[in-house]
Amino acid sequence: MRIVFMGAPGSGKGTQAQRLVKHFGIPQISTGDILRKHLSEGTPLGLRAKEIMAAGGYVDDETMLAIIRARLSEPDAGKGFILDGFPRTVAQANGLSKMLSDLGTPLDAVVLFEVDNDQLIKRLSGRRVCELCKNVFNVHTAPPSVPPECVPGRSEHQVVQRPDDAEDTVRERLRVYEEKTRKPVSGFYSYTGLVRTVDAEGDIDVVTKRLLDTLSAGGGTLVSKPAPKKRAAKRRVAPQAKPKARARKVVRKQAARKAVKKKPARRKVARKRAAVRKVARKARPTRRASKRR
Ligand code: AMP
């Protein structure tokens, strides 16, 4: 399985990717995690990316493509992968397509996680990470709780907010995602028939089920949410099913035409019969007349 996970920051694609790692036995490749590792190790790339990430912008395409090229050449990516947070621009999507066509390993699916913007702001600005045990909490929905203990011997978490989870930065990240990723990149993939939209709101287990259902449906079929555009819905009809569907429509139309034609004839007969009955009734002698006779 070679899958691309697309979704706004906070849409839960990282969490779902971790679950699918176990399910399919393929690695999750998160470009955000790779960049954060560079940042924490203080590499030249990390130092370059630091300010861009803190401001909610995007690291340049050339750098991101180089990161992905190197990562996809590692042995574990040979059996498949989940790309989490990549591609984020059309240039990255183009570069990835070329890379995969050179390797002869095309994508199987592009999953688009959809969550309402207000929900995303709540999720991200409320997110806290424990610096010691690395567990992720949310002050609104899942506040840091002990037990379970943080690290052995310590009963309290040391939670911090990621700099890019500050509310202003979150809004900027969502704006950049909408402008550079959601519209253009999903547009790039819309002609491939690979895009599946998943309603990513609600319980995590429910979202995982929706995701697995969507992926197992295969063949470019949309499962979890109706297709937003007519064009996408049309593409879902398998080409071989079209003539049959057309034939059925023709038969239905012919039958309807016949029915319409039949109606006046039936009415005519009914009217004739009614007229006959009326005449017959008039012709019948009344009781009084028969008595007189
Ligand atoms: P994430 O953890 O996926 O939200 O990524 C955190 C930050 O890393 C993003 O806000 C960007 O600044 C940067 N980043 C991650 N992936 C990419 C990418 N594919 N292209 C450009 N910048 C990226």
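**View 1. The largest nonpolar core of the predicted model.** The largest nonpolar core comprises 33 residues, and F5, M6, I82, V111 and F113 have the most contacts inside it. Here a nonpolar core is a set of buried Ala, Val, Leu, Ile, Met, Phe, Trp, Tyr and Cys residues joined through C-beta atoms within 7 Å. A residue is buried if 20 or more other C-beta atoms lie within 10 Å of its own, exposed if 12 or fewer, and partly exposed in between, with C-beta atoms placed from the backbone. Strand β4 (residues 109–114) gives the most to this core, with five residues. In soluble globular proteins, nonpolar side chains tend to be buried together. Leaving aside residues up to four places away in sequence, V111 touches I3, F5, M6, R196, V198, L211 and T214; contact requires C-beta atoms, placed from the backbone, to lie within 7 Å. The model is predicted: local features need pLDDT of at least 70, side-chain atom pairs count only at pLDDT 80 or more, and totals for chains, interfaces and linings use all residues. Residues are numbered from 1 along each chain as its sequence is written.

**View 2. The parallel sheet of five strands.** An open sheet with parallel pairing has the strand order β2-β3-β1-β4-β8. Its edge strands are β2 (28–30) and β8, each of which pairs on one side only. The twist from one strand to the next averages 25 degrees. Strands and helices are DSSP runs numbered from the N terminus (E, at least two residues, for strands; H or I, at least four, for helices). Two strands pair if DSSP finds at least two bridges between them. Strands β2 and β3 run parallel and are joined by three bridges, and Q28 has I82 in β3 as its bridge partner.

View 3. Helix α8 (residues 204–217) lies across β4 and β8 and runs at about 160 degrees to β8. For these angles, axes are lines fitted to C-alpha atoms, for helices over the stretch in contact, and the angles run from 0 to 180 degrees between N-to-C directions. Strands β4 and β8 run parallel and are joined by five bridges; E114 stands opposite D199 in β8. Strand β8 (residues 195–199) is largely enclosed by the rest of the structure, because four of its five residues are buried.

**View 4. The shell around the ligand.** Among the 17 residues around the ligand, T31, G32, Y58, G85 and R88 come nearest. A residue is near a molecule or strand if its C-beta atom, placed from the backbone, lies within 6 Å of it. Helices α2 (31–41) and α3 (44–55) are the elements that give two or more residues to this shell, and α2 gives the most, with three residues. By class, the shell has eight nonpolar, six polar and three charged residues. In this classification, Ala, Val, Leu, Ile, Met, Phe, Trp, Tyr, Cys and Pro count as nonpolar, Asp, Glu, Lys and Arg as charged, and the others, Gly among them, as polar.

**View 5. The cis peptide bond at P87.** The peptide bond from F86 to P87 is cis, with omega near 0 degrees. P87 is found in the loop between β3 (81–84) and α5 (90–103).

View 6. An open sheet with antiparallel pairing has the order β6-β5-β7. Strands β6 and β7 (159–160) stand at the edges with a single partner strand each, so one side of each is left without a neighbour in the sheet. The antiparallel pairing of β5 and β6 extends over three bridges, and R128 stands opposite F137 in β6. K134 lies in the loop between β5 (127–130) and β6 (136–138). Phi of K134 is near 70 degrees, a positive value in a residue other than glycine. K134 counts as exposed because it has 9 C-beta neighbours inside 10 Å. In sequence K134 and V151 are 17 residues apart, while in space their C-alpha atoms are 9.7 Å apart.

Methods. Contact = placed C-beta atoms within 7 Å.
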